[in-house]
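Hello,

Here is the structure for your files. Please look it over before reading the notes below it.

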Amino acid sequence: MTRASDTQGPARDHTRGAMLSKEGLPGWLDPVVRAVETVRPTQLSRFLPPADGAGRQSAVLILFGDGTRAGEDGEKEPGRGPELLLMERAGSLRSHPGQPAFPGGALDPEDGDPRGDGPLRAALREAEEETGLDPSGVQLFGVLPKLYIPVSGFVVSPVLAWWREPTPVGVVDPAETARVFTVPVADLTDPANRVTTIHPSGHRGPAFLVESALVWGFTAGIIDRLLHFAGWERPWDREKQVPLDWRA
């Protein structure tokens with residue numbers, strides 16, 4: 001997660017893109033749209049925002065693409081099918097170094113009301129700062145209930161989006177991000193790529209071994225629940241375990 005003050009260059013106005021629309025979404029996203037509309041907070045996580053309003057407001061962008069890429073002639077070329085955009089945190093960071101995550105971060109004052117469209121603006125801004133994507137090609141279509149990350153005190157709004165016009169992405173600030181990559185949804189649903197992580201504290205959680213990375217923690221939990229409630233989950237061996245160390 002980055003802060004606007006950590007980046008260089010003129011700030012963009014994300015107001016135009018900070019609205020929700022389901023118009024023109026591909027049919028394969030229909031199960032995700034239905035899940036977003038019906039899922040309850042307790043079905044996503046046992047960690048919910050504190051009742052007293054404590055916690056730092058933040059947002060992440062859960063960006064689905066169809067896997068197409070722009071060819072040399074500017075026309076779209078077929079890719080690996082539906083996919084999700086992820087980034088890997090820099091190994092030098094104190095908090096969860098090297099951990100894959102959704103683009104995202106804390107709301108800045110210019111993002112606006114945390115109870116309104118502030119999380120939408122923050123998700124787009126942070127994704128641009130961390131991956132270099134062009135927000136004008138991103139269509140926001142839903143927001144999951146706010147969740148809580150106790151270890152960091154973040155209250156997170158997961159913002160879902162369709163990558164209507166994919167643009168090149170990559171590392172913007174190596175001090176924050178080690179790499180930016182996409183993961184095919186087919187790989188996330190493949191039982192061979194699914195494991196359970198075991199933290200030394202005893203906490204167990206779903207995880208994914210994809211793209212030479214172990215996706216775990218908050219990010220894996222959200223992906224796991226989306227696959228489940230969208231009806232995409234396939235039976236997998238929950239006893240296949242991967243241990244984590246105390247630095248995780």
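Predicted model: local features only at pLDDT ≥ 70, side-chain atom pairs only at ≥ 80, totals over all residues.

Residues are numbered from 1 along each chain as its sequence is written, and side-chain values use heavy atoms, with hydrogens and water left out.

The largest nonpolar core has 36 residues; such a core is a set of buried Ala, Val, Leu, Ile, Met, Phe, Trp, Tyr and Cys residues joined through side-chain atoms within 4.5 Å. Buried means under 20% relative accessible area, exposed over 50% and partly exposed in between (1.4 Å probe, protein chains only). Ile62, Phe64, Phe141, Leu144 and Leu160 touch the most other members. Helix α5 (residues 217–229) gives the largest share, five residues; helices (H or I, at least four residues) and strands (E, at least two) are DSSP runs, numbered from the N terminus. A separate core of 19 residues includes Leu85, Met87, Leu107 and Trp163.

The whole structure holds three aromatic pairs (Phe, Tyr or six-membered Trp rings with centres within 6.5 Å; planes under 30 degrees apart are stacked, over 60 edge-to-face, the rest tilted). Trp28 and Trp162 are edge-to-face, at 5.9 Å centre to centre and 75° between the planes. They are 134 residues apart, with Trp28 in the segment before α1 (30–38) and Trp162 in strand β9 (residues 154–163). Trp28 is partly exposed at 26%, whereas Trp162 is buried at 7%. Trp28, Phe64, Trp162 and Trp232 form one aromatic cluster.

Regards
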